[in-house]
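Here are a few friendly notes to read alongside the coordinates. Please have the structure open as you go through the points.

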Amino acid sequence: MTIRHLKTARSEEARAEDDAKTRKIVEDALAQIEQRGDAAVREMSINFDKYDRDTYRLSEAEIQALIAKVSPQDMADLKFAQDQVRNFAQAQRDSMLDIEVETMPGVILGHKNIPVQSVGCYVPGGKFPMVASAHMSVATAAVAGVPRIIACTPPFKGEPNPAVIAAMHLGGAHEIYVMGGIQAIGAMAIGTETIDPVHMLVGPGNAFVAEAKRQLFGRVGIDLFAGPTETMVIADETAADGELCATDLLGQAEHGYNSPAVLLTNSEKLANDTLREIDRLLEIIPTADTARTSWEDYGEVIVCDTYDEMLQVSDDIASEHVQVMTDRDDWFLEHMTCYGALFLGPRTNVANGDKVIGTNHTLPTKKAGRYTGGLWVGKYLKTHSYQKVTTDEAATLIGEYGSRLCMLEGFVGHAEQCNIRVRRYGGINVPYGEGAPYREAAE
C-alpha cells in the first residue's frame, strides 16, 4: 500500500503564521466596536470598503429601487434557485418533529424545536457578489421560523449589489445593511447604538470574517467555523478524465488565494493528465490570477493504490466539498464519514451545489467535517426538553430513586427536592438529609 504525493501544498507552519496575524487584527477591531459602537463601524467601513453613508441600513425604498435594477431573467433565475433551497430546507424542517412520550405511567417527557430568536446572516460580496449565500442563510432561517433575520453584505464596486439585495429581501430578511468584514460581524454580534445584537451568526466569509465569528462564539451562536473554500476530487479512469478533474479543481480554486484543491486518484495517468490540463486551463480562465495562486500554494495531487486507501485519505483530509467520480460512487457514499458535502457522479458538480441545486453551501472546513455538518434548517432550531409528572404514584417512585442517587453523589439539597415530594405525595417519612429508603426496607 503506497500513497504518493505528486504535488504538495504550502506547509501548515506557514498557514499558522497567517492565522496569527489575522487573529490580532480581528481582536483589535472587535474591541473598537465594543468600545465605540457605530463610530468604529463607520471608520472601518470607510477604511476597508471605501463606503460611507449616514446609516448603513437600507430603507424599504432603497431596497425596492435596487431590486428594480435586476433584469427579469436574472430575477427568474434567482427565484428558481431560492425555490430549490427553500423546498429542501422545508423537507428537512418537516423531518424534525416535536415529541411527547409517557415513559411510565404518570411520567411525560418531550421536546420542542424552537427557532433561534434573532440571526445575523453574512453574505460575502466585496470580490464576487455571492447571491447564492443569501438563499443559503436568509431563506433557510425564514423556513426555520426565525422571527428576526438581519443580513449584511459589503458594497460591490462601491455600491450595494442589486441581485444580492434582491435575494436577501426575497429570502425574508427583516433588516438589510451594507457592511462587510469584521465590522459587519462585530456590529451584528456585539450591537451598536443603532443595531440590536443577534443571538446567532451564520454565513461564509474571508479569513477575517471567519476569525471574527470564532472570537465571538459563546457570546453568540455560530453556524460553524468556516475557513477558505476547499474542494477534493476523488476520481478514477472509469468515470473522469484530466479535463473534467482540472475544471472541477480550478472551479473552486478561483474562490480565493488560499483555497485548497485536492485530486485523489488511483491512476497515475489521470493524475498527470489533470496536472497538464490545469496548466492549460490556467492560461485561459479569466480568474487565473486567483486560481493559480491557490493551486500553486494549496493544490495537491495524491495517488493511492487502492480504493480503501483513497477512503482513508479522504476522511483524514475531511474536505468541505468532495466530488466523487468513480466506478463505485455509492460505495464512497456508504463508507465516507468526514466531509462537508458529497457530489456523486460526473454529472454532478460543486458549482450546482454552491448556487442552485438546493442543498446548503455553507459547509465545514479545516477538518471540521469530522464533528459537524454544514448549515441547514436545523441549525436555526434549538431542541428543548420538558418533563411533567402527573400522578402521586409517579412522583413518589421517581422521587425515591432520585433521592438515593442524589445522596450517592453527595448532593443533599438535591435529595431534599426529591424527598419533599416523596413525603407529600407518597406519605413516606424520609428523615431530612437522608436518602429515601428502599421499598423493601420501607415495607
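1. Let's begin with a pair of helices. Helix α9 packs against helix α10 (residues 268–281) at an angle of about 55°, and their axes are 8 Å apart. That angle makes α9 oblique to α10. The crossing of α9 and α10 is right-handed. Please keep in mind that this is a predicted model.

2. Which residues make the contact between α9 and α10? On the α9 side they are Gly 242, Glu 243, Cys 245, Ala 246, Thr 247, Leu 249 and Leu 250. On the α10 side they are Leu 270, Asp 273, Thr 274, Glu 277, Ile 278, Arg 280 and Leu 281. Sorted by class, the contact of α9 with α10 has seven nonpolar, three polar and four charged residues.

3. Helix α9 (residues 242–253) also holds Gln 252, a residue that UniProt lists under "binding site" in an unreviewed entry, together with His 255, Asp 354 and His 414. These positions span 163 residues in sequence, and their farthest two C-alpha atoms are 55.7 Å apart, so they do not all gather at one spot.

4. Where does Thr 229 sit? Thr 229 is in the loop between β8 (221–222) and β9 (231–235).

5. A word on the overall layout. The domain assignment gives domain 1 (19–64 + 113–223), domain 2 (228–374) and domain 3 (391–442). Between the C-alpha centres of domain 1 and domain 3 there are 52 Å.

6. Now for another helix pair. Helix α5 (residues 131–144) and helix α6 (residues 162–171) pack at about 15°, with 8 Å between their axes. This makes α5 roughly parallel to α6, and the crossing of α5 and α6 is right-handed.

7. Finally, the residues in that contact. From α5 come Val 131, Ala 134, His 135, Val 138, Ala 139 and Ala 142, and from α6 come Ala 163, Val 164, Ala 167, Met 168 and Gly 171. By class, the contact of α5 with α6 has nine nonpolar and two polar residues, with no charged ones.

How values were computed
Residues numbered from 1 in each chain as written. Predicted model: local features only at pLDDT ≥ 70, side-chain atom pairs only at ≥ 80, totals over all residues. Heavy atoms only, no water. Axes fitted to C-alpha atoms, helices over the stretch in contact; angles between N-to-C directions. Helix = DSSP H or I, 4+ residues; strand = E, 2+ residues; numbered from the N terminus. Parallel < 35°, antiparallel > 145°, perpendicular 65-115°, else oblique. Left-handed = near helix turned anticlockwise from the far one by under 90°. Contact = heavy atoms within 4.5 Å. Nonpolar A, V, L, I, M, F, W, Y, C, P; charged D, E, K, R; others polar. Domains from an automatic or database assignment. UniProt positions renumbered as here; feature names shortened; annotations may be inferred.
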